[in-house]
Amino acid sequence: MSRTQRSLQLAAYADGEVAQAQRAAIEQELAKSPVALREVEDIRAQRAALHRVFIEASPTAELSERIQARIREDRQRASGRTWRIGLASAFAAAAVIMMSVRLIGPELWHQELVSPPPLVARALAVDAVLGAHRVCSTLSDGTAHDEFRVGQKSIVEANRILKALRAMPKEGAALPDLSESKYALSSACACALVSNCEVVHATYNSADGVTLSVWMSDRPLALSGASKLRRVSGEGGRVYQVAEVAGGYSIVQWDERLASVVLCGEMPADQLLKIADRIQPFGSAARPTVGPRVAIVEMALLRRS
Amino acid sequence: MSGKSFEEIALPHLDVLYRYARRLTPDAHAAEDLVQDTYLKAYKAFGKFELREFGVRPWLLKILHNTFLNGEAKKKHAAHSTEPQVLDTARAAAEIGSVEGDLRIDLDGLDDEVKRALEQLSPDFRSILLLWASMELSYQEIAEILSVPIGTVMSRLHRARQQMMTLLADYKFRGRGEPPNGREAT
């Protein structure tokens, strides 16, 4: 047994975490070994010292009152929210109908390109993506995703809620259904990857426990900060930025209709690109994908004409 | 859920939550904010919580812990930090690897130094030490709160304890002008 393993065993003993049979064996050893006994005593002394500094702090009486007041406020707000969501859904449905009518003319595409000025491409550090992916993927109880927590809801229901709450960064965009790739939606939230940028972040899990993060933002983003950063052509003329990061993580980003989609997962880039190819953030009937530079050129032509 | 309100079930744990928050955060104000956020999140998620094996306290601690980590991550993003968490862990492990040895210090009367050492530890180490030492939680409960396997709890605790003793030895011996040679100081 290595020195570390021995220490772990003694610590487990000191913490009352060993079975009765093992306990007797360790106690026999402690009776014979002053070094082992000292180690157990030290662990207990450290625990006692930490406990002393822990109990020093006490909350103020006002804290409890403040928390209760906030909960009351939230309760009241929640009772009003149901009505607002209902109303928002009705407006959203009306907007969809209007959009369908407007989609007939090709000029709409160009008009939409003009609408969200200024066109800003921001550099998004690869580590920031990875950090956010790790933090959100470790939250099994969804505490970071309270606002748009989807729980057991289907992708259709989740998108309906997000739309009703006006949480999606781009009109017409929806969280992708990745069931074909064997990933089920587990949560969604408005995690800000960069300031001044509307982002919806969703996590998907596979049956074997792999978490995939998908971000959709309201403007083009650019990955930066990775040593292995490359551009890859994908389905439908998409141009992907691909970063591979230590630890087996890959990140894929592309722009679509002045929005950006970023994917992150613990898998080789080729595998992630296959998933990216299947994602249609604006639905399967999406119009041609145009990168931001092309979009600017088309917009200028339209203005001239 | 036994017919009790959220407040009746959750608020009795305010002291423990605040104490945990106070040692995780730099000041009392930040600790109060963290506890308040925790309660609001818990309240919103309460409908989906069932009084499981370990009861409501580990669940509240888990929410507090995750809220704290989220806040730390957001601060990092805001500062455009490009240092992934994995590097912190790797660095901490490397530091600890270099200080293997028998460190023995009498901790009586060193409460201020213990607090200072806690503040200097990484959030991972700080939180595991607090959960371990302060609330009589089992390894299984700590594993639940931190969402890690029990083996990770044991090894992380071991490393956290070692790093803390190294820091304490450093304070103590540096204060006396003696080298931190890892031998008995009392």
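## Briefing: cores and chain A

B:Val35 is in contact (heavy atoms within 4.5 Å) with A:Leu63, A:Ile67, B:Leu14, B:Leu17, B:Tyr18, B:Ala21 and B:Leu64, leaving aside its neighbours within four places in sequence. This is a predicted model: local features need pLDDT of at least 70, and side-chain atom pairs count only at pLDDT 80 or more. Residues are numbered from 1 along each chain as its sequence is written, and side-chain values use heavy atoms, without hydrogens and water.

**Nonpolar cores**
- A nonpolar core is a set of buried Ala, Val, Leu, Ile, Met, Phe, Trp, Tyr and Cys residues joined through side-chain atoms within 4.5 Å.
- Buried means under 20% relative accessible area (1.4 Å probe, protein chains only); exposed means over 50%, and partly exposed lies in between.
- The largest nonpolar core has 75 residues. B:Tyr20, B:Val35, B:Tyr39, B:Leu61, B:Leu129, B:Leu131 and B:Trp132 touch the most other members.
- A second, separate core has 29 residues, including A:Ala173, A:Ala188, A:Leu272 and A:Phe282.

**Chain A overall**
- Chain A has nine helices and nine strands. These are DSSP runs, numbered from the N terminus: helices are H or I with at least four residues, strands E with at least two.
- Of its 305 residues, 47% count as buried.

**Helix 1 of chain A**
- Helix 1 covers residues 3-14, twelve residues in total.
- Nine of the twelve are buried, so helix 1 is largely enclosed by the rest of the structure.
- Among these buried residues are A:Arg6, A:Leu8, A:Leu10 and A:Tyr13.
- Just after helix 1, A:Gly16 takes a positive phi of about 70 degrees.

Methods: Chains lettered and ligands numbered in written order. Expected span 1.5 Å × (residues − 1).
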